[in-house]
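Here's a quick briefing to read with the model open in your viewer.

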Amino acid sequence: MIGLHWRKTISTIVLLLYVATISLVVSSSTPQQFSLEDFQRVLRSSLDSELDKITDEKVSTAQETTNIHAKSKTLMRRRASIQNREEDVIKSRALFDRRSSGHVYTSEDIWDDIVRHTWKISDTIKRDEGKSLTRTTYNDDVTLPIPFLVCGEEHLDVNDIVASFNKLEEEALLVSSSDDAFCLVLSTTSVQGREVIDSFGGSLKGVPLPDFTKIQPGTIDEVLSKGWSVPFSQEQVVTKKSNATEMINHWERIIIVDFTPELSGMNEEADLLKVVNVITNDIQDMGEVGWYQKIDEEEKQQYSVDESTIDIPSLSDVFSLTAITTATSDNQRIRFWREVFKNGIESKHVCNTMFSTLFVKARSGNYSFELVLNPMDGPPAEEYESSASNPNCVASLVAALSVHPYVLSVKANFPTYHGWNVAQLMDSFH
């Protein structure tokens with residue numbers, strides 16, 4: 001088990017400012033797009049249920065919406081029960097497309113907005129050597145490679161496609177293969193992605209992998225559930241006097257993160273730790289920017305700003321469901337996600353206790369790693385709001401991991417033999 005190396009807290013807070021009004025010049029050439037239906041045939045992810053939650057919206061007044069959020073401290077949301085996705089429509093007046101009267105904003109419309117946002121991110125995300133993630137104000141060849149889903153027709157050769165992206169075989173992941181098509185995931189820049197896809201004249205299509213599609217099914221519901229949430233206790237040790245409930249709660253809550261194929265299989269754990277530190281530092285930087293953006297002008301005067309990092313975006317600016325605002329600004333599920341960030345990593349406390357107490361464990365082969373939120377041999381959380389016991393911190397962490405270019409998938413653990421392990425633990429105290 002490896003402890004993360006965290007930045008020291010200093011008395012003078014140096015905050016990072018992102019220019020929200022960034023002017024983007026992106027390529028007008030967009031490769032052949034995936035429809036929502038086509039994408040769902042290839043990859044199963046949390047996006048499916050999330051679209052249901054967004055589109056399963058009842059017409060409600062602003063007062064009713066406020067009450068719904070005020071009375072749900074655990075952030076639990078009911079599961080959608082829509083059976084036919086083709087009939088999914090957004091029933092809230094707030095989600096009618098303003099550009100065309102009478103047009104109802106559907107799951108496909110949301111998908112199209114998410115894809116456009118993901119292309120915009122891929123066109124502008126970059127990292128200068130030794131610095132944080134930033135957004136450029138123009139499209140160039142120095143943007144950061146991000147994971148793409150690429151699908152080709154049956155007459156194409158998988159190895160030829162991989163080579164066209166200047167990748168080795170181990171730097172691509174085959175996710176589906178059938179008699180008429182195959183699909184793989186690899187990391188590339190948006191410029192190279194467009195060039196390669198266009199060069200195959202319609203036989204190949206691809207899309208930057210949207211953030212929410214990296215979150216495994218059920219993960220968000222799991223980490224927000226009462227049974228999974230990290231118990232808050234300033235005493236980590238389970239004693240003989242502990243009751244059954246305390247012992248049932250006493251297991252490590254873990255977020256499992258897979259690297260993109262080109263980062264997978266690092267030779268040393270030390271290399272893995274360096275990459276994880278980069279990821280978590282990026283997330284904390286973007287969280288600080290998000291908090292800074294939300295405070296009023298008078299309060300901003302109390303902090304100094306590092307102008308060299310002015311182009312660092314906030315998490316809310318890069319996470320698709322909080323960034324697409326054209327026709328979804330008043331939707332309850334979208335508001336839910338904004339509240340998660342506001343009370344989580346983009347809050348004033350920026351979930352500092354969660355980051356300072358978690359541990360990293362490399363998984364077999366260094367293809368992935370575990371973030372242990374309540375390590376058994378680690379220090380207890382000092383306060384609730386900024387700890388992993390705050391569901392907003394955990395949910396915003398999952399979302400933040402999904403937006404990172406180095407991450408392929410995110411999921412939460414749940415002990416398979418939980419009941420048996422608890423029984424053994426209780427027996428050991430007799």
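Predicted model: local features only at pLDDT ≥ 70, side-chain atom pairs only at ≥ 80, totals over all residues.

**Core**
- The largest nonpolar core runs to 92 residues, and L149, I255 and L373 have the most contacts inside it.
- Helix 15 (residues 391-403) gives this core its largest share, 9 residues.
- As background, nonpolar side chains in soluble globular proteins tend to be buried together.
- If you pick L373 and skip residues up to four places away in sequence, you'll find it touching W228, V230, R253, I255, M354, T357, L358, A388, V394 and L397.

**Cavities**
- Searching the whole structure turns up 5 cavities of 30 Å³ or more.
- The largest cavity has a volume of about 150 Å³, and 14 residues line it, with T118, I121, I146, L209 and V403 closest to its centre.
- Helix 4 (107-124), strand 5 (146-153) and helix 15 each put at least two residues into that lining.
- Helix 4 has the largest share of the lining, with 3 residues.

**Strands 9 and 13**
- Strand 13 (residues 407-412) is largely enclosed by the rest of the structure, because 5 of its 6 residues are buried.
- Strand 9 (residues 254-259) pairs with strand 13 in the antiparallel sense, over 5 bridges.

**Hairpin of strands 11 and 12**
- Strand 11 (residues 359-362) and strand 12 (residues 368-372) make an antiparallel pair with 4 bridges.
- A362 sits opposite F369 in strand 12.
- The hairpin leaves 5 residues between the strands, and G365 takes a positive phi near 80 degrees there.

**Helix 6**
- Buried residues in helix 6 (residues 190-199) are S190, Q192, G193, R194, V196 and I197.
- Their cover includes helix 4, strand 5, helix 5 (158-164), strand 7 (181-188) and strand 8 (204-208).
- After helix 6 comes G201, with a positive phi near 55 degrees.

Methods: Residues numbered from 1 in each chain as written. Heavy atoms only, no water. Pairing = 2+ DSSP bridges. Core = buried A, V, L, I, M, F, W, Y, C linked by side-chain atoms within 4.5 Å. Buried < 20%, exposed > 50% of the residue type's maximum accessible area, 1.4 Å probe, protein only. Contact = heavy atoms within 4.5 Å. 1 Å grid on protein atoms, 1.4 Å probe; cavity = no way out; pocket = protein on both sides within 12 Å on 5 of 7 lines; lining within 4 Å. Points joined across faces, edges and corners; volume = space filled by probe spheres on them.
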